[in-house]
Amino acid sequence: MSRKEQLTKIIYELDFALHELNLYLDTHPTSLKAMELLKEYRNKRQAAVALYEERFGKYISTIDEVPAGSCWKWLKGPWPWENNFMEEN
Amino acid sequence: MWKYEKKLQYPINIKNISPKNAQIIISQFGGPDGELGAAMRYLTQRYSQPFNEVKGILTDIGTEELAHMEMVCAMVHQLTRNLTEKEIKDSGFDKYFVDHTNGVFPQAAAGIPWRAEYIQSKGDILADLHEDLAADATTTKEQPLFSKAQKPLI
């Protein structure tokens, strides 16, 4: 597994955990433990994305992206439902 | 409102085509217990809910179902790309192909288009939450078809 794949995997895993904590907090809104975990994983995700972007450029293209260069990068494929999305992004 | 994140919740990268499997998997998109119905169910029921906890979770899981729908559609799309005429006919995909070619259309495995009757939105918290529990229980029914078990399924 390349460094890029490793970091991507870590970010996906943290996104999964963050989403589950979000759902848990919806029905347990006073759980201090869940709120602490959410903060912890959010910081970890931020750190992982920073590491990724240091070496490989912008992590995920979003519509909020600041236009740079001569082409609107949002359109760059492959799109998520296409083969090799992970390899080429 | 929603914002699109240009990624799948879990990556899908299918190497080998299989129009036969695509015809079964498509039910998880537009079938009676599919992700489209799930998303519509939660995102419509939330308006009449009296509690913030329920408004919050229906919004968040309704949103997540859209992400699931996107993954299932990605599977159908990747399983049906670059098909030859022989592959279309031999797999039985011809009955789908005649109407939709390789477009991804919300339907059940047996060809019934997605129907709004698959969901309920009754404006009653108990009726709606019971329907959500019933809907959730259906998700365990789809899995045995793809297991390696040799015993009769039912």
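This is a predicted model: local features need pLDDT of at least 70, side-chain atom pairs count only at pLDDT 80 or more; totals for chains, interfaces and linings use all residues.
Within chain B, confidence is highest in helix H3(B), at 98, and lowest in helix H7 of chain B (residues 125-138), at a mean of 93. As for the complex, the predictor gives it an ipTM of 0.90 and a pTM of 0.91.

Now look at H3(B) together with another helix of chain B. Two packed helices are described by the angle between their axes and the distance between the axes. Here, the axes of H3(B) (residues 35-45) and H4(B) (residues 52-79) come within 8 Å and cross at roughly 160°. Angles over 145 degrees count as roughly antiparallel, and H3(B) and H4(B) are therefore roughly antiparallel to each other. Their crossing is left-handed.

Which residues meet between these two helices? From H3(B) come B:Glu35, B:Leu36, B:Ala38, B:Ala39, B:Tyr42, B:Leu43 and B:Gln45. Facing them in contact from H4(B) are B:Leu58, B:Ile61, B:Gly62, B:Glu65, B:Leu66, B:His68, B:Met69 and B:Val72.

Finally, step back to where the two chains touch. Chain A puts 16 residues into that contact, and chain B puts in 19 residues. On the side of chain A that touches chain B, eight residues are nonpolar, seven are polar and one is charged.

Conventions:
Residues are numbered from 1 along each chain as its sequence is written. Chains are lettered from A and ligands numbered from 1 in the order in which they are written. Two residues are in contact if their C-beta atoms, placed from the backbone, lie within 7 Å. Ala, Val, Leu, Ile, Met, Phe, Trp, Tyr, Cys and Pro count as nonpolar, Asp, Glu, Lys and Arg as charged, and the others, Gly among them, as polar. Axes are lines fitted to C-alpha atoms, for helices over the stretch in contact, and angles run from 0 to 180 degrees between N-to-C directions. Helices (H or I, at least four residues) and strands (E, at least two) are DSSP runs, numbered from the N terminus. Angles under 35 degrees count as roughly parallel, over 145 as roughly antiparallel, 65 to 115 as roughly perpendicular and the rest as oblique. A crossing is left-handed if the near helix is turned anticlockwise from the far one by less than a right angle, and right-handed if clockwise. pLDDT is the predictor's confidence in each residue, from 0 to 100.
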